[in-house]
Amino acid sequence: MIFSMTGYASLEQEVSHGVLVLELRSVNHRYLELQLKLDDNVRMFEPQVRELINQRLKRGKVECRISLAHRASEQRQVQLDDTVLQQLAQMTVSVQRHFPESRPLSVADILRWPGVISGEGADHEALAAAIRDSLLKLVQQMTEARAREGIKLKAIILDRLAEMEGLVARVRPLLPEQVKIYQERLYGKLQEALGSVDDERIRQELTIFAQRIDVDEELSRLGAHIEEVKRILEAGSPAGKQLDFLMQELNREANTLASKSVSTEVSQVAMALKLLIEQMREQVQNIE
């Protein structure tokens with residue numbers, strides 16, 4: 001399955017002491033760029049959040065927001081653990097004895113110290129589990145959204161490929177006759193301009209020139225690249241980087257076709273191919 005890098009998902013989850021609000025959005029990017037925006041109540045879980053998302057998403061500029069809204073009506077009973085406070089005080093004295101210039105702990109520092117507030121360990125574990133479960137659901141929702149978008153991108157690219165195949169099929173039978181007409185026209189001009197030059201020599205030079213302007217090889221490579229794009233689309237993600245490379249190769253062949261063209265028909269086909277390739281490239285840039 002092909003996945004887009006564009007996606008959005010959000011959810012709210014009832015947890016102890018409040019409501020957990022999560023939001024995940026992503027847009028296209030060459031690599032995975034993760035930006036976390038966690039409020040103070042859940043900032044301690046940033047490493048776990050980052051690891052979970054990194055394991056499940058490969059590409060895209062991803063923004064994750066998580067906040068915990070406490071219920072205004074709820075009164076939390078909190079107590080300080082005297083044992084932990086005494087241990088912290090002893091450690092503080094020891095540290096300042098070795099490092100007199102160190103800054104004393106503030107009240108906020110002390111209250112944030114693990115285990116200072118009785119019962120927070122259990123709350124911490126419960127909240128960590130809730131965040132993990134909610135984030136897994138959220139990533140799954142966004143993955144499904146990206147899959148739906150990927151189906152649309154795949155359909156657009158396949159349509160463009162079909163148009164390209166039609167153009168190649170249309171122009172290929174015209175090439176021998178167009179090269180022949182161009183040779184005859186050029187032969188007449190050369191005879192008129194050079195007059196006394198050996199007729200056989202002119203024909204040899206025209207044959208060499210005809211080989212230089214022959215675009216059958218370019219058309220064959222275009223066909224091969226088109227088949228490879230279809231194969232990758234059927235194989236599924238990750239496909240973005242492979243497809244981007246093939247867009248460059250398709251464009252290279254279309255440019256060569258245009259530069260070798262000796263007729264209006266071939267030039268028009270080359271320009272139409274370049275337009276279709278550019279349209280596909282815009283879609284490919286959004287594929288994971």
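Q: Buried means under 20% relative accessible area, exposed over 50% and partly exposed in between (1.4 Å probe, protein chains only). How much of the chain counts as buried?
A: First, a heads-up: this is a predicted model, where local features need pLDDT of at least 70, side-chain atom pairs count only at pLDDT 80 or more, and totals for chains, interfaces and linings use all residues. Residues are numbered from 1 along each chain as its sequence is written, and side-chain values use heavy atoms, leaving out hydrogens and water. Of the chain's 288 residues, the share that counts as buried is 33%.

Q: Is Val107 buried or exposed?
A: Val107 sits in helix H3, which covers residues 107-112. Its relative accessibility is 60%, so Val107 counts as exposed.

Q: Which helix gives the most to the lining of the second largest pocket?
A: A pocket here is an open set of points on a 1 Å grid where a 1.4 Å probe fits, with protein on both sides within 12 Å along at least five of seven lines; lining residues have an atom within 4 Å of a point. The lining includes Asn28, Arg59, Gly240, Lys241, Asp244, Phe245, Gln248 and Ile287. With five residues, the top contributor, spanning residues 240-260, is helix H8.

Notes. Helix = DSSP H or I, 4+ residues; strand = E, 2+ residues; numbered from the N terminus.
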